[in-house]
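User: I would like to learn how to read the features of a protein model. Could we go through one step by step?

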There are 2 protein chains.
Amino acid sequence: MPGLFLDLYELTMAYSYFRQGMDQEATFAYFVRSPVPHRRFLLFAGLDTFLEALPQFRFAEEDLDYLQGLGLFHRSFLDYLASFRFSGEVWAMDEGEIAFPNEPLLTVTAPRIQAQLIETLLLNVLNYETLVASKAARILVAAGPEAVVVDFSPRRDHGVEAALRAARASFLAGFHGTSNVLAGKLYGIPVVGTMAHSYVLSFPDELSAFRTFVEDHPHPVLLIDTYDTIQGARNAVRAAKEAKETGKTVVGVRLDSGDLAVLSREVRRILDEAGLPEIRVFVSGDLDEYRILEFRRRGGVAWGYGVGTRLGVSWDVPALGGVYKLVEDEKGPRMKKSPGKLTLPGKCQVWREGFADLVTLDEEKGPGRPLLKKVFVRGERLVSKLELARRREEVRQSLFGLPPELADLSPCEVPDYPVRLSSKLQALVEVAK
Amino acid sequence: MPGLFLDLYELTMAYSYFRQGMDQEATFAYFVRSPVPHRRFLLFAGLDTFLEALPQFRFAEEDLDYLQGLGLFHRSFLDYLASFRFSGEVWAMDEGEIAFPNEPLLTVTAPRIQAQLIETLLLNVLNYETLVASKAARILVAAGPEAVVVDFSPRRDHGVEAALRAARASFLAGFHGTSNVLAGKLYGIPVVGTMAHSYVLSFPDELSAFRTFVEDHPHPVLLIDTYDTIQGARNAVRAAKEAKETGKTVVGVRLDSGDLAVLSREVRRILDEAGLPEIRVFVSGDLDEYRILEFRRRGGVAWGYGVGTRLGVSWDVPALGGVYKLVEDEKGPRMKKSPGKLTLPGKCQVWREGFADLVTLDEEKGPGRPLLKKVFVRGERLVSKLELARRREEVRQSLFGLPPELADLSPCEVPDYPVRLSSKLQALVEVAK
């Protein structure tokens with residue numbers, strides 16, 4: 001039971017609300033407050049993970065014993081926690097929706113204590129999956145619709161759970177597979193992978209390693225940079241030709257170091273000249289959208305990309321500043337006014353026409369389609385578990401159809417977002433200021 | 001069972017070794033290959049997590065069913081996996097040891113297939129905890145030995161597991177507590193936290209919020225920047241004076257936005273002039289070692305720091321490039337030679353005298369103390385579970401006793417590390433080149 005996964009202040013605040021009888025309905029909104037450097041759009045993700053965790057947000061007996069030991073809470077509050085079940089309402093964008101800072105991606109309406117206690121879990125889940133999905137989306141845009149892009153991140157992700165969610169979020173964004181076998185099993189993502197340098201080093205020479213690997217595998221991809229990439233390509237040619245004689249096929253070669261743009265061209269030429277145009281060239285090694293763009297600009301040739309470290313930790317922006325703020329309670333719209341930390345007051349809806357978003361108060365109607373949908377009510381989800389593979393196709397379509405100003409991947413500290421407020425909402429913001 | 005948490009290539013390589021009968025003993029070393037930007041030292045962490053996971057690295061029946069469905073492996077190999085148990089030997093530095101790139105932090109000696117299959121898990125665990133412990137160590141050095149520093153990272157960490165391990169690693173490094181209640185329960189770390197802006201917003205005005213919070217809590221810390229920090233400090237003074245009359249105590253105030261250096265001084269002055277020197281000033285808000293140094297340089301006054309986002313994702317270096325490489329097998333020392341990716345050949349030991357490290361071959365003796373100790377053999381750990389609180393004291397001592405060249409926190413793309421190779425090892429590297 002994940003109930004104890006919260007910042008202590010959720011409990012100290014909730015305790016005070018409990019003692020004061022302040023448990024009327026309140027609405028909190030999840031949104032990214034400030035511009036995210038280099039991100040002209042976000043890809044919303046993590047909703048399924050969150051909706052699965054929400055009914056399990058409970059407090060076990062041993063959790064309550066631990067809390068009692070802290071000496072901060074009266075027994076009556078612990079009894080309240082013992083029977084805690086989230087009974088509120090959640091509205092959210094679809095997973096895989098293009099989204100922007102300064103608009104609500106999800107709202108929670110529930111008795112104040114409930115809405116408060118789930119904050120840490122909600123932020124932890126949505127911030128990370130949205131972060132990685134957004135990074136994956138950029139990497140796909142850089143690689144282009146023809147390229148195969150796969151997740152190689154498990155060894156550098158921040159834990160096993162992070163690795164699972166990175167595989168899921170990148171697949172949702174449109175990746176083709178992952179090296180993460182557990183993610184393959186849990187989410188039905190195609191798994192990929194062939195050999196490491198240690199395999200090549202385990203044989204007397206590279207050619208022996210290649211020959212053996214071809215013998216042992218139905219779809220071998222040979223890693224050719226353990227000693228010297230060009231010689232590696234020649235050894236791969238030899239192994240591939242021998243394989244053909246026995247009815248076997250070498251599927252591809254992988255380059256993981258050196259000047260990938262130059263080497264990939266050279267390797268492609270060696271393969272083509274050897275009459276092996278069907279052998280695919282994969283590249284990997286600290287890739288991200290910037291390096292893939294540079295690789296392509298310099299004439300690099302790749303059928304596919306393996307992307308690891310820089311995907312799973314979203315290297316250039318390693319955390320998403322998503323926040324969860326009280327926007328309305330029984331006394332009406334609420335708004336925080338600290339310098340540089342303005343929030344939108346009131347329960348809102350987001351309307352999208354093309355890629356221009358209008359944030360309105362809940363009661364208003366805007367142009368285009370409303371993005372926030374009711375997904376959870378009275379302890380149960382209204383939407384079924386996401387069909388990841390189907391949704392992935394839709395997300396790829398929207399990504400590769402982005403207008404140029406959004407698809408622009410060049411660095412930019414303060415991107416401009418196509419998000420406007422309705423005049424009613426704007427007026428409320430002005431009053432609250 | 002975490003057996004399926006691996007990159008697919010671990011299995012495809014292992015399958016080939018299995019078919020070829022290549023399962024003699026081999027040694028792999030875990031080390032950070034390249035200089036880590038801005039990190040003049042690392043703090044090794046994650047060993048306990050790894051040693052706990054190792055005996056559980058098994059394959060369940062449903063895992064084997066999944067693998068069978070991939071169509072890559074013969075039944076005999078799946079039978080091998082069904083009875084898989086790691087039976088090898090692990091040598092490692094103590095958790096919390098100061099460590100450097102280019103020296104082995106841990107070595108594994110086991111039948112080749114076993115050593116290979118645990119790679120992804122090993123890297124995932126050690127890379128992240130070492131990353132966060134190293135970041136936490138820098139933050140502590142910036143804050144100084146007198147300051148209280150706590151982990152506020154759960155909402156921005158990459159998952160619930162990452163948040164738990166960030167709390168653990170930062171406490172190991174010397175932090176004083178965490179906001180993460182689950183980490184508090186699991187690891188015995190003191191938990192901290194008081195109120196968020198949403199609490200203040202839930203009352204008609206700030207003073208009412210403060211009064212209520214003081215009434216409801218034994219050790220209240222008041223968040224004073226929801227509307228205006230200076231006015232917030234005055235309201236805190238009023239609430240604290242009223243509290244005194246009823247025998248209650250306000251412990252501190254927290255600032256989370258604005259110019260923290262200027263505001264903290266001003267708030268300190270207001271508290272002191274009001275005759276409340278005992279009220280502590282806490283600061284938080286996107287802090288890290290650079291910002292804490294700048295805060296102190298500009299005369300900021302803080303009793304304690306809450307550090308979140310930039311700690312848990314190690315903001316300036318969000319992944320550690322730790323690798324796990326074959327260094328020796330039945331044919332002798334092995335070494336990868338790709339450009340820029342040299343590894344040390346052979347099973348090694350690290351000897352430390354002061355903070356100068358000498359890496360030697362296993363059979364050599366160096367000066368000072370050997371850092372790698374045998375911690376796991378034949379399926380069982382030789383060292384008991386780490387006493388976190390005790391070890392934390394030792395780590396703090398070593399951190400605050402670092403020589404100036406290591407304690408230097410200024411940015412540096414390619415730090416210089418005090419690591420040398422013995423002449424025997426150097427000769428082996430030259431031969432292998």
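User: In which strand of chain B is B:A92 found?

Analyst: B:A92 is found in strand β3 of chain B, residues 89-92. Strands (E, at least two residues) and helices (H or I, at least four) are DSSP runs numbered from the N terminus. This is a predicted model, in which local features need pLDDT of at least 70, side-chain atom pairs count only at pLDDT 80 or more, and totals for chains, interfaces and linings use all residues. Residues are numbered from 1 along each chain as its sequence is written, chains are lettered from A and ligands numbered from 1 in the order in which they are written, and side-chain values use heavy atoms, with hydrogens and water left out.

User: Is B:A92 buried or exposed?

Analyst: Buried means under 20% relative accessible area, exposed over 50%, and partly exposed in between, with a 1.4 Å probe and protein chains only. B:A92 has a relative accessible area of 0%, so B:A92 is buried.

User: Which residues does B:A92 touch, leaving out those up to four places away in sequence?

Analyst: A contact means heavy atoms within 4.5 Å. On that basis B:A92 touches B:F44, B:L47, B:L105, B:L106, B:L371, B:L372, B:K373 and B:V375.

User: How do strands pair, and which strands does β6(A) join?

Analyst: Strands of a sheet pair through backbone hydrogen bonds, either parallel or antiparallel. Two strands count as paired if DSSP finds at least two bridges between them. β6(A) and β11(A), residues 304-307, pair in the parallel sense over four bridges; A:V148 has A:G304 as its bridge partner there. Two bridges join β6(A) to β7(A), residues 177-178, and these strands also run parallel. A:D151 is partnered by A:T178 in β7(A).

User: What covers the story of the two faces of β6(A)?

Analyst: In a regular strand the side chains alternate between the two faces of the sheet. Both faces of β6(A), residues 148-151, are covered: A:V148 and A:V150 on one side, and A:V149 and A:D151 on the other, are all buried.

User: How are chains A and B related?

Analyst: Two copies of a chain are related by a rotation about an axis and a shift along it. Superposition is by least squares on the C-alpha atoms of residues with pLDDT of at least 70 in both copies. A rotation of 180 degrees with 0.0 Å of shift along its axis superposes chain B on chain A, with an RMSD of 0.0 Å. The two copies are therefore related as by a two-fold rotation axis. Of the interface residues of chain B, 100% are also interface residues in chain A, so the copies meet through the same surface.
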